Protein chains: 4
Amino acid sequence: MDNRKRLRDLGIKIGKFKTGKLNSITDIRDVTVGHKTIMTNLPNGRSVRTGVTAILPHKGNLFKEKVIGSSYIINGFGKSTGTIQLEELGVLESPIMLTNTLSVSSVTEGTIRHLLNENDDIGHEAGTVNVVVGECNDGFLNDIRGLHVRPEHATEAILSANKDVEEGCIGAGTGMSCLGFKGGIGTSSRVTTVEGSDYTLGALVLTNFGKKEDILLPGSNKRIHNDKERKNLPDGSIMIVLATDAPFNERQLRRISKRAAFGLSRTGSSAAHGSGDIVLSFSTAHKIPHYSTGPTQSFSFLVEDGPIISDFFEMTVEAVEEAIWNSMCKATTMVGHNGNVSEQFPYHLLLN
Amino acid sequence: MDNRKRLRDLGIKIGKFKTGKLNSITDIRDVTVGHKTIMTNLPNGRSVRTGVTAILPHKGNLFKEKVIGSSYIINGFGKSTGTIQLEELGVLESPIMLTNTLSVSSVTEGTIRHLLNENDDIGHEAGTVNVVVGECNDGFLNDIRGLHVRPEHATEAILSANKDVEEGCIGAGTGMSCLGFKGGIGTSSRVTTVEGSDYTLGALVLTNFGKKEDILLPGSNKRIHNDKERKNLPDGSIMIVLATDAPFNERQLRRISKRAAFGLSRTGSSAAHGSGDIVLSFSTAHKIPHYSTGPTQSFSFLVEDGPIISDFFEMTVEAVEEAIWNSMCKATTMVGHNGNVSEQFPYHLLLN
Amino acid sequence: MDNRKRLRDLGIKIGKFKTGKLNSITDIRDVTVGHKTIMTNLPNGRSVRTGVTAILPHKGNLFKEKVIGSSYIINGFGKSTGTIQLEELGVLESPIMLTNTLSVSSVTEGTIRHLLNENDDIGHEAGTVNVVVGECNDGFLNDIRGLHVRPEHATEAILSANKDVEEGCIGAGTGMSCLGFKGGIGTSSRVTTVEGSDYTLGALVLTNFGKKEDILLPGSNKRIHNDKERKNLPDGSIMIVLATDAPFNERQLRRISKRAAFGLSRTGSSAAHGSGDIVLSFSTAHKIPHYSTGPTQSFSFLVEDGPIISDFFEMTVEAVEEAIWNSMCKATTMVGHNGNVSEQFPYHLLLN
Amino acid sequence: MDNRKRLRDLGIKIGKFKTGKLNSITDIRDVTVGHKTIMTNLPNGRSVRTGVTAILPHKGNLFKEKVIGSSYIINGFGKSTGTIQLEELGVLESPIMLTNTLSVSSVTEGTIRHLLNENDDIGHEAGTVNVVVGECNDGFLNDIRGLHVRPEHATEAILSANKDVEEGCIGAGTGMSCLGFKGGIGTSSRVTTVEGSDYTLGALVLTNFGKKEDILLPGSNKRIHNDKERKNLPDGSIMIVLATDAPFNERQLRRISKRAAFGLSRTGSSAAHGSGDIVLSFSTAHKIPHYSTGPTQSFSFLVEDGPIISDFFEMTVEAVEEAIWNSMCKATTMVGHNGNVSEQFPYHLLLN
């Protein structure tokens, strides 16, 4: 994977805002990302090409020190879990976990076991814990019916979290395909300055949507081919995780989350029927203690009467579009289940 | 449990509509219910008091012959799963499964395994399958941290489904408590006649909410005690499953689902903060094939310009209230985890 | 109307929490309520029995000093306006106006004209203003097709706002009927103490829903008659306005708003098909300036990890139920359009 | 306006699907569009540059013969009205009206008066009527504080409805600006064939959003200038109306409505904070009678298991993007309120 480049390394920039230092969701201080990749070959042409990715809002106890979060369903043909409570209470109390569609349950169980180990009081005086898991269907390259992701793989992904986000065929992205080529994990970030304070917004995507004919090339808006082919393949999905250190509340985060669809659109997607397209977002600016220390908690949030929040909307659109392209630019050709092949995206298409 | 009675056997009727033959969700033809009860005593005072309940919309292949469904979140402090796709597509393609909060993942996995066995094409040309699971926290009586529900228990609940719905301390209801007494599973139904056709609406509830002080007694609206006690216990939850053979579409089912809150209210609940109160509903009137046979499908739905749908709203309110009372009237005193005791509801409170 | 009493004056208390001093939405400091009643008799049996009610969150410039607000649609068969922006931005920037269904437009125009007069910058650098108006159908007693409410009536209601809330046949409640009797405006409040601070929650309702057969009497849960009569009358509606001085954010206010349905249920409603049942809520604890003074604003909100918010849920249920009963207990028999008569609620039904 | 061209006349095509005969929302049989343009110059530099646009789903009695409809809020900073009932009941029973932000009330009143004239039973046995009105803020060119749109203008727009949709500075579009140039009304359509049957989807937009720097040129994805200018102007809005003759239900229409955001994104919008971006949609395939003739109604809907609905998603994206460009390509330079000028879009920017 070493010789594969990110979009910017190919000389293509998206948008007006500058990126963070790493051009990654981990440009948000405290945010780390871990991957567990699961690849083996089994008898009879069955191949395991799958994994787990964990996004941690901070390095402390995520259940005891929650962060404000939100979500948005672009297209709900999907099996993600944990959004009901996230929407009701406006807080995230687990890592955000990504995996394949039929492994949401084992990743949930593994994450619960990890959180039970860290918190003796869950299930007793602390109540229960809400785990958020997103998914895409990697069944083209992966023996998804084999349920090869086990609970301990979730723990491994969590424990491996760090600031260097590998992209492409890694973690939950191992077996994913996007826009007719190999997809997977991608990330990007944007920075703005508000009256002397720098704020960063980062996106991490798990890409598994679309067909070649859908592609809108960045910087040229050209299509690779323009004919409408009618195929009956599953439509794939995309999971989009947004993180920011800017102080936004859950309603503001939801507004930001909705703009992820605008970035997705610019790559050529129209959120096809079978594509479960889900956005999960959080701000690290405030921590909400599980056991409050008084009857009230104080917050400071960015105001909404001027262009500030609109800048974050644009930063979201830009970061999501670039993260998607990074997932494709970094991914390498993969041979998988039943000999299916997903080709890496050829850079010359971008550079013409 | 034999000597415990249902509310009607105690001479108390709720509402204006007549009940179905069984006064049960299984009065809807084709609907069956199965339970798997898990009760053991472990060393060190740990007790297993939990289980799984499965509601099957029909006896055929639920994935290949979907039913129209909907959901409504009364209070989203909960970990139910499967509602994102249910809302997006308006169809239910799995049994509705109920269990304890931390076992949603293993019940999901067990149900997925069951559906994979039944359908060779899931994960391949058929795409993936969406499993709907609801939950309440039985940690007062059950060693919930032990994760004692395993995937195979889900399959057992599904395979045991039949027309006789046991109530009280059974299946997912084994370890639940309600309104200060022992709760669990309850069911009830209502019938109406629309221009010569009989239609039935049934409710099945998993009750685990509220305190004694909340109780509003049916038929008298008296309270058992009126003092406001401030306690800091977990608030519990209720799962409400509604089924009907009346031809309603997904929007109409959602309207009906919202009325479940009205029935819940009449038992004394105000949907306390920590109570995950979720409604899941479906109609058996139409089946949606997984592989369509043509570009369109024909439907017939009840019209909405007169009192017909309002009758179903009232039937829902009545059936939910009565199902909750049945869950308490049928439940028996349970000694559980750490020696905690949940007392059965004493009938004399109703009869004064 | 002088000899009509409120529910508590008849010796009936609802719930566990104590009321505010006035048992009114105006127990929240700064909240005032104004009414404009429009009653005339026209030729050919046409009668005008309608009006406007205005709820003002505070006495200052409501557009320049917004309050945090939310809404909840119990049943959306209604023509209320202004909730789209209220939900998107989480702030209320106008009085909450109530009137009859076909007069929402003229009340909106009158309120816009009032706010334009107060704010030279609306339509220019301040952008536009969002007016929130709720409605019920008073066509049984009022010549609703005559569109007798004019824009200036809205201004009159706003300018007459004060702390004494008249109830029954007044303002928007003039021509409304409820549960088979005369309805209209009602109000009630509840108080709680959180670590030494008193907080008040008040409800004001415009009642126009239900039939005699629906009634659940407070304190006895008896019905007046139990037979199911099938009638094809319009189903009416209820508008519920909630105000509090407790510091809640827009998500928390929405959770509180949902509990209004629980209070409505306890009077016997099941939110019939044609009943537009809408909840509007706000907190006076924080003011959001139209022109911010810096990039961030600080807030303090009540925490959600204990029983505090559940207390507000119960206070809401109690205040809504009592406000509905106050609207009926205070209303007097009204003869209206085409000689239609709506009888006042006879107290003896309560006192048996 | 005669010498202004549509996008296709300039040689630029968007997307893969073919257009309808007129490339207009009126390619859907029965759909007609009417405009009322209001332009006068008043003393003191005040200029009236506003109007009303009416979209009629069919030529019959819209209240008595409703169509299935839905809506989607891309960004809710707006004062549109009528969506609460549209979402609850899934039917549209009025023309869709478009106007300026502060004139929603007078257009509502005018439309109500028109519908009262057509229907003696509204306000009596027929209940009340729900009018749907969308809006954008034309205050840059129009004396919006003057409230120059009166109720009779709404009626004039309705009565003038026909199959030829004028675009640009017409009707509600008279005073609107878009992406730094003159905007207004635009329309476009797409056609697909499903097993021998042709289905059309059309979009009509009222464009008033964005800045020059946002523009993404169609067919090249170039920007006109790439610098981020921070300005504090109001953000404008867009209203998007979608119509189809394909048989979709209200849930399916909502899914289609969400894809309008994808088309909007491709013109460069990221749905800025102050931009009220609303989608309204309907299908003419079925009529829902106000007074039903029996307890059930039969429907036929397009199936959702294959690529059919995804094609409609793409058609929506294409038609919305092209309709926006048509609104700009057809609009002419307008001098308005306080001498403000909105320049027409110069074609050479497209053709480089």
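1. Gln85(B) touches Gly76(A), Phe77(A), Gly78(A), Lys79(A), Gly90(B), Glu93(B) and Asn130(B), leaving aside residues up to four places away in sequence; contact means heavy atoms within 4.5 Å. Gln85(B) belongs to helix H1 (residues 83-89) of chain B. Helices (H or I, at least four residues) and strands (E, at least two) are DSSP runs, numbered from the N terminus. The relative accessible area of Gln85(B) is 2%, so this residue is buried; buried means under 20% relative accessible area, exposed over 50%, partly exposed in between (1.4 Å probe, protein chains only). Its side chain makes a polar contact of 2.9 Å with the side chain of Lys79(A). A polar contact is a pair of N or O atoms within 3.5 Å; within protein, one must be able to donate a hydrogen and the other to accept it, and residues adjacent in sequence count only if both atoms are side-chain atoms.

2. On conventions: this is a predicted model, in which local features need pLDDT of at least 70 and side-chain atom pairs count only at pLDDT 80 or more, while totals for chains, interfaces and linings use all residues. Residues are numbered from 1 along each chain as its sequence is written, chains are lettered from A and ligands numbered from 1 in the order in which they are written, and side-chain values use heavy atoms, with hydrogens and water left out.

3. Chain A is superposed on chain B by a rotation of 180° with 0.0 Å of shift along its axis, at an RMSD of 0.0 Å. Copies are superposed by least squares on the C-alpha atoms of residues with pLDDT of at least 70 in both. Within chain A, Ser105(A) comes closest to the rotation axis, at 2.2 Å (C-alpha). The copies meet through the same surface, because 100% of the interface residues of chain A are also interface residues in chain B.

4. Chain B is laid on chain C by a turn of 180° and a shift of 0.0 Å along the axis, with an RMSD of 0.0 Å. These two copies are thus related as by a two-fold rotation axis. The same surface serves both, since 100% of the contact residues of chain B recur in chain C.

5. Strand S3 (residues 65-75) of chain B is mostly covered, with nine of its eleven residues buried. S3(B) pairs with strand S12 (residues 276-289) of chain B in the antiparallel sense over ten bridges; two strands pair if DSSP finds at least two bridges between them. In this pairing Ile68(B) stands opposite Ser283(B).

6. Chain C has an open sheet of four strands in the order S1-S2-S5-S6, with mixed pairing. Strand S1 (32-41) and strand S6 (132-136) of chain C stand at the edges with a single partner strand each, so one side of each is left without a neighbour in the sheet. Strand S2 (residues 47-56) and strand S5 (residues 96-100) of chain C are antiparallel, paired over three bridges.

7. Helix H4 (residues 250-258) of chain C has eight of its nine residues buried, so it is largely enclosed by the rest of the structure. Asn249(C) caps the N-terminal end of H4(C), with a side-chain oxygen 3.1 Å from the backbone nitrogen of Arg251(C).
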